[in-house]
Amino acid sequence: MARVITFQKAVNEALDQEMARDPSVVVFGEDVAGGQGAGGELDAWGGVLGVTKGLYHKHPGRVLDTPISESAFIGAAVGAACSGLRPVAELMFVDFMGVCFDQIFNQGAKLRYMFGGKARVPMVIRTMWGAGIRAASQHSQSLYSIFTHVPGLKVAVPSTPYDAKGLLISAIRDDDPVIFFENKVLYTVEGEVPEESYTIPFGEANVAREGDDVSIVAIGRMVGMAQQAAEELAADGVECEILDLRTTSPLDEDSLYETVEKTGRLVVVDEDNPRCGMAADVAALVAQNCFDDLQAPVRMVTAPHTPPPFTGSLEDLYVPSAAKIADAVRRTTGGKVGARA
Amino acid sequence: MSEGVRGAQAAAGGGPPVDGGAEVEAPAGVTRLSMPKWGLSMTEGKVTDWLVAEGEEVDEGAELFEVETEKIDGAVESPAAGVLRRRVAEVGAVVPVGGLVGVLADPSVPDADVDAFVAAFQASFVPEEAAGEAEAPTRTVEVGGRRLRHLELAPDQPAGDPVVLLHGFGGDLNNWLFTSGKLAERRRVHALDLPGHGESAKDVGAGDLDGFAEAVGGFLDAVGAGRAHLVGHSMGGAVALALALAHPERVASLTLIAPAGLGEEINADYIDGFVAAERRRELKGVLELLFADPGLVNRKLVDDVLRYKRLDGVQEALATVAGAMYPSGRQTTVLAGELARLSVPTLVIWGGQDRVLPAAHADALAGRARVEVLAGAGHSPHMEAANDVNRLVGGFLDELEGEPG
């Protein structure tokens, strides 16, 4: 039997194995060692939620705590990547990314292009995203769309421990900058993960469930939510196909059109805000390329256009739920299949 | 190839090891139709179709109902002849492994007895998981400094030569999911991941037949088997044959299923395509060559093979093996000329619609081995016609050991 580990452990293992395989891989960020140089060093935390725990002692000198100065250490990552290292920078919460947009958008994303391919930036920025842990508006956003928007960046948003390990290894070996999104609610989710190293290519969506009636396109934590909805709908006789995009840049458009051609109905689920987001992008691509296959309007299930609320009851309403997804699916079928009596 | 495939397999008619709880004996003339266990991870299956009506008479081996699991879809064959008396699980029902799906009985058995059996069985049945039965775990052994993974079934079977199952190029021990449990009803069984395959170490050395045969010999040493019945598919068949020629004292018998090594010809589209395929769409077309019915290649099978191919070191291993043994659609090692030396009892099974290796290669063993061609099967008869293959192999081994078949 394949071994079962958590999403968090899968990320840790990917980092560990790539550091062992390639001496140019270095890890740095706020508290990724945890108490480096201090009395607590032996019991180092390994990041705010312990994802990098154990790496500091296994790979001496290659796991570095940084000052709380995001623009400085993300800039350092761009520079290190340009000059021969493969840095994996951890920017605790994606919400803090704003202070280093210039380093990412104007430096990291542009150098290969502006130097005619003579420069490359094999950098990974790992960051946590998503609501659900009562961490309020500045620690709960789902900002992958902002990075997807910028040419020159690659963006991965894994939904399972298996995908987390394989996509992170691919990200580290990639010669372009990758923003790697880790959903904090998924950290404790368990799944089968090979002990050996492996890669998952970017731009390959995964069919998480097969079905003929309605396609649900989802990403990250929303894949599991879509699966719950699909279970509920299957009991009513509606068979959903779930497409997990895995990476938003590059995007597996072929698989997207294939599933819509098959089912003729599409619900896009995104924990992000609705405007100019992944869901709107997918809906637009399908409208442009598969309009004739559609038997019903595309439906989007997203968070509302508000910041993530701190109040628990409101936060629970904010994140798309299985019930909301199931409701959207029923609306695309117009009650023709499996409508409840 | 890994375990996601559609196949045909007999309903567990009463055999181990599918039941964890207290078991109610079926009365004379009554056969219970249970949810089979296909592969290590299966805990339940969904009945997706009944192929036989209540009251209909069926022969042993007739397809009774269709089952869908996480990994496999398959038709379940009747373990005996009789009349289908009850469909206990309706279409759409999810039944735990070992759970009651239907009842077959002789027409002379009164309805009341059938119903009483169903009621008694259902009242006492405890699914495997709830009963806490441990799954057979895979293990690893060190052979020549390399880690080899294997699955050992029925380690407590009385002494006797164990059966060792050897998969083909790009395969792994899960390819035997329809075979291993059946053979383990009577003897100890090891299914092995050859070097470069499954979860074994990815170092294949020169990648030639001698290297694999040596690894299998080392594996026999590691598990304390002086001698074994070798069952090999495709490349694994050639490996078994090479070991039997080099060390006949280690090999109690040979079962060669669509074996390589008997002629030059091999389908380069399969070998080269398997090595080259990087995405699902390419790989699906390649895997379809393994079966007479290409519809058997489902998404799960393709995904499992892709997962294997994406492990570090696998591409290099496959390319090395393909280059050493099967360059440009030709087999470099043909053992046909050495078969005069073959001294162990040998059974050959081939699918009549094999699109990877021609069944005519079996002619090389004419007069030295029993040859069975299964007309409807392709290159993987142990998956596509599992029931037939299990009967042939089981019967062959029983005869050799002088046990009642």
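Because the model is predicted, local features require a pLDDT of at least 70 and side-chain atom pairs count only at pLDDT 80 or more, whereas totals for chains, interfaces and linings use all residues. Residues are numbered from 1 along each chain as its sequence is written, chains are lettered from A and ligands numbered from 1 in the order in which they are written, and side-chain values use heavy atoms, with hydrogens and water left out.

Chain A contains 12 helices and 14 strands, and chain B contains 10 helices and 17 strands; helices (H or I, at least four residues) and strands (E, at least two) are DSSP runs numbered from the N terminus. The radius of gyration, taken over C-alpha atoms, was compared with a globule rule of 2.2 Å times the number of residues to the power 0.38. For the 341 residues of chain A, the value of 20 Å agrees with that of a compact globule, near 20 Å. For the 405 residues of chain B, the value of 21 Å agrees with an expectation near 22 Å. The C-alpha atoms of chain A fill a box of roughly 65 × 45 × 45 Å along the principal axes, and the C-alpha trace of chain B spans about 65 × 50 × 40 Å along its own.

Buried residues (under 20% relative accessible area, with exposed meaning over 50% and partly exposed in between; 1.4 Å probe, protein chains only) make up 57% of chain A and 58% of chain B. Contacts are defined by heavy atoms within 4.5 Å. Among contacts with a separation of 6 or more, residues 24 or more positions apart account for 81% in chain A and 71% in chain B. Accessible areas come from the Shrake-Rupley method with a 1.4 Å probe, and for residues only the protein chains shown count as cover. Chain A exposes about 13,400 Å², of which carbon and sulfur atoms supply 54%; for chain B the surface is about 14,800 Å², with 48% belonging to carbon and sulfur atoms.

Helix H7 of chain B (residues 299-309) is mostly covered, with 9 of its 11 residues buried. Among these buried residues are B:Leu301, B:Val302, B:Val305, B:Leu306 and B:Tyr308, as well as B:Arg299 and B:Asp303. The cover includes parts of both chains: strand E9 (206-209) and helix H9 (253-263) of chain A, together with helix H5 (268-276), helix H6 (280-287) and helix H8 (314-325) of chain B.

In soluble globular proteins, nonpolar side chains tend to be buried together. A nonpolar core is here a set of buried Ala, Val, Leu, Ile, Met, Phe, Trp, Tyr and Cys residues joined through side-chain atoms within 4.5 Å. The largest core has 131 residues, of which B:Leu254, B:Phe274 and B:Leu287 touch the most other members. Helix H4 of chain B (residues 235-246) provides the largest share of this core, 9 residues. A second, separate core of 48 residues includes A:Phe28, A:Ile74, A:Val207 and A:Leu243. Not counting residues up to four places away in sequence, the residues touched by B:Phe274 include B:Phe169, B:Leu283, B:Leu287 and B:Leu318, and also B:Val305 and B:Tyr308.

In chain B, B:Leu151 lies in strand E11 (residues 146-153) and is buried, with a relative accessible area of 5%. The C-alpha atoms of B:Leu151 and B:Thr140, 11 residues apart along the chain, are separated by 8.6 Å.
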